[in-house]
Amino acid sequence: MARPGHARSRPSLEEDEDEEAEDPVDAMILRTGCAAQHRELQECMAARQDWRHCQPQVRAFGECMARRQRAEE
């Protein structure tokens, strides 16, 4: 007997692509102007698998987001 949750249907490939294209977090980051810093942080995280090794990228992204927030105020 199947356990609950295992009968879920997987979204089609087309639905997966739609979800990726409409990611609200990615859209928000693009609007901030900090997408390059975010991409560098993501690349470091993928390579190092530990955010502690990516502190320069973490700081750069944080500073970019803080500048954006100050500009909006």
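Biologist: How many disulfides does a search of the whole structure find?

Modeller: The search finds 2 disulfides, the term being used for a pair of cysteine sulfur atoms within 2.5 Å. Please note that this is a predicted model, in which local features need pLDDT of at least 70 and side-chain atom pairs count only at pLDDT 80 or more, while totals for chains, interfaces and linings use all residues. Residues are numbered from 1 along each chain as its sequence is written, and side-chain values use heavy atoms, with hydrogens and water left out.

Biologist: Why is the link of C34 and C64 called a disulfide?

Modeller: The sulfur atoms of C34 and C64 are 2.0 Å apart, and the cut-off is 2.5 Å, so the pair qualifies. In general, a disulfide is a covalent bond between the sulfur atoms of two cysteines.

Biologist: What makes the disulfide of C34 and C64 left-handed?

Modeller: The torsion about its S-S bond is about -90 degrees, so the disulfide is described as left-handed. C34 lies in the loop between α2 and α3, whereas C64 belongs to helix α4, so the bond ties together parts that are 30 residues apart in sequence.

Biologist: Why do C34 and C64 count as buried?

Modeller: Buried means under 20% relative accessible area, exposed means over 50%, and partly exposed lies in between, using a 1.4 Å probe and protein chains only. C34 has a relative accessible area of 0%, so the residue is buried. C64, at 7%, therefore also counts as buried.

Biologist: Which residue does a disulfide join to C44?

Modeller: C44 is joined to C54, with an S to S distance of 2.0 Å. The two cysteines are 10 residues apart, C44 being in helix α3 and C54 in the loop between α3 and α4. This link is left-handed, with -90 degrees about the S-S bond, and both C44 and C54 are buried. When the bonded cysteines of the protein are numbered in sequence order, the pairing reads 1-4, 2-3.

Biologist: How many helices and strands are there in the protein?

Modeller: The protein has 4 helices and 0 strands, and its pattern along the sequence is α-α-α-α. Both kinds of element are DSSP runs numbered from the N terminus: helices are H or I runs of at least four residues, and strands are E runs of at least two.

Biologist: What makes D23 a cap of helix α2?

Modeller: A side-chain oxygen of D23 lies 3.0 Å from the backbone nitrogen of V25, at the N-terminal end of helix α2 (residues 24-32). A polar contact requires a pair of N or O atoms within 3.5 Å; within protein, one must be able to donate a hydrogen and the other to accept it, and residues adjacent in sequence count only if both atoms are side-chain atoms. Just after α2, G33 takes a positive phi of about 85 degrees.

Biologist: How many salt bridges does a search of the whole structure find?

Modeller: There are 3 salt bridges, each defined by a side-chain nitrogen of Lys or Arg within 4 Å of a carboxyl oxygen of Asp or Glu. In general, side chains of opposite charge can pair when their charged atoms come close.

Biologist: Why is the meeting of E43 and R39 called a salt bridge?

Modeller: Their N to O distance is 3.7 Å, and the cut-off is 4 Å, so the term applies. Both residues lie in helix α3, 4 residues apart, or about one turn of the helix. E43 has a relative accessible area of 47%, so the residue is partly exposed; R39, at 46%, is therefore partly exposed as well.

Biologist: What is the distance between the closest N and O atoms of E72 and R68?

Modeller: The distance is 3.0 Å, and the two residues form a salt bridge. Because E72 and R68 are 4 residues apart in helix α4 (residues 55-72), about one helical turn separates them. E72 is exposed at 56%, while R68 is partly exposed at 32%.
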